[in-house]
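This report covers selected local features of one model: strand pairing, helix packing and backbone details. Please read it alongside the sequence and coordinates.

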Amino acid sequence: MAQKFYVVWAGRQTGVFSDWETARTQVDKFAGARYKSFSTRAEAERAFASGPSTSVRSASKPATIRVPAASDSSKFHVQIYCDGACEPNPGNAGSGMAVYREGNVEELWFGLYNPSGTNNTAELSALHQALLYAKGELESGADVQILSDSKYAISCISLWAPGWEQKGWKKSGGEIKNLEIIKTAYALYTSLLPRIALTHVSAHVGTEGNELADRMAMHAVLTKTEEFRQYEPIDVPQILRMRAG
């Protein structure tokens, strides 16, 4: 039988897996699981990086749960949207975060201003902050989903980092950019598995949490706020009228 490769976009751990049993443990009885099988690793890695299409079906062997929308707030106690902004790129960078509890926005965070950043460093820093926040929520017993519109940041942490680590944090073809933040975020991410869900969300399609995180990231850039701190008061319509990243 030809080997298949399994992409998990939403599960206990996301990424590309080379055997069904490992992939199955990520999606079996996981609410909102999203996954598919592919004939080659190259196809699987491209599919993971581009995100699931609306035609995604289950992998070739059945899991217990089929796929509702990945951002269905009813499946998680806490959802954390994170985003980064940079203007110009490279240049002034900042990160933002929107925390939802039981489907309602509860906290907004902004900061981590870096005058010599990039969009990728801002996205990675935002994801790291989301993981730090998630750690506390998981310790209190909550189910947590982190949502980012950065395929790069998600791939670094959940897909590429394991291979880089096995090779002594090296890759063929050159240096690993943003290595320190990747190593820090990856170590935290792996310590939270399999209790954390890391999900890609499309940018600027009207998803409120993503839009709020975007505004917070741009607010960090415009105010040059280095500390990562809460934004108050939370007036969603007014915040959405703020400058987008």
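Strands β7 (residues 144–148) and β8 pair in the parallel sense over five bridges; two strands count as paired if DSSP finds at least two bridges between them. The bridge partner of S148 in β8 is H200. Strand β8 spans residues 196–200 and is mostly covered, with four of its five residues buried. Buried means under 20% relative accessible area, exposed over 50%, and partly exposed in between (1.4 Å probe, protein chains only). Helices (H or I, at least four residues) and strands (E, at least two) are DSSP runs, numbered from the N terminus.

The model is predicted, so local features need pLDDT of at least 70 and side-chain atom pairs count only at pLDDT 80 or more, while totals for chains, interfaces and linings use all residues. Residues are numbered from 1 along each chain as its sequence is written, and side-chain values use heavy atoms, with hydrogens and water left out.

Helix α6 (residues 208–223) has 16 residues and reaches 22 Å from its first C-alpha to its last, close to the 22 Å expected at 1.5 Å a residue. That expected span is 1.5 Å times one less than the number of residues. Of the 16 residues of α6, 13 are buried. K224 follows α6.

P90 lies in the loop between β4 (78–87) and β5 (91–101). P194 is placed in the loop between α5 (179–192) and β8.

How do helices α2 and α4 pack? Helix α2 (residues 41–50) and helix α4 (residues 151–166) meet at an angle of about 130°, with their axes 9 Å apart. Axes are lines fitted to C-alpha atoms, for helices over the stretch in contact, and angles run from 0 to 180 degrees between N-to-C directions. The two helices α2 and α4 are therefore oblique to each other, since angles under 35 degrees count as roughly parallel, over 145 as roughly antiparallel, 65 to 115 as roughly perpendicular and the rest as oblique. F48, A49 and S50 of α2 make the contact with K151, I154, S155, S158 and L159 of α4, where contact means heavy atoms within 4.5 Å.
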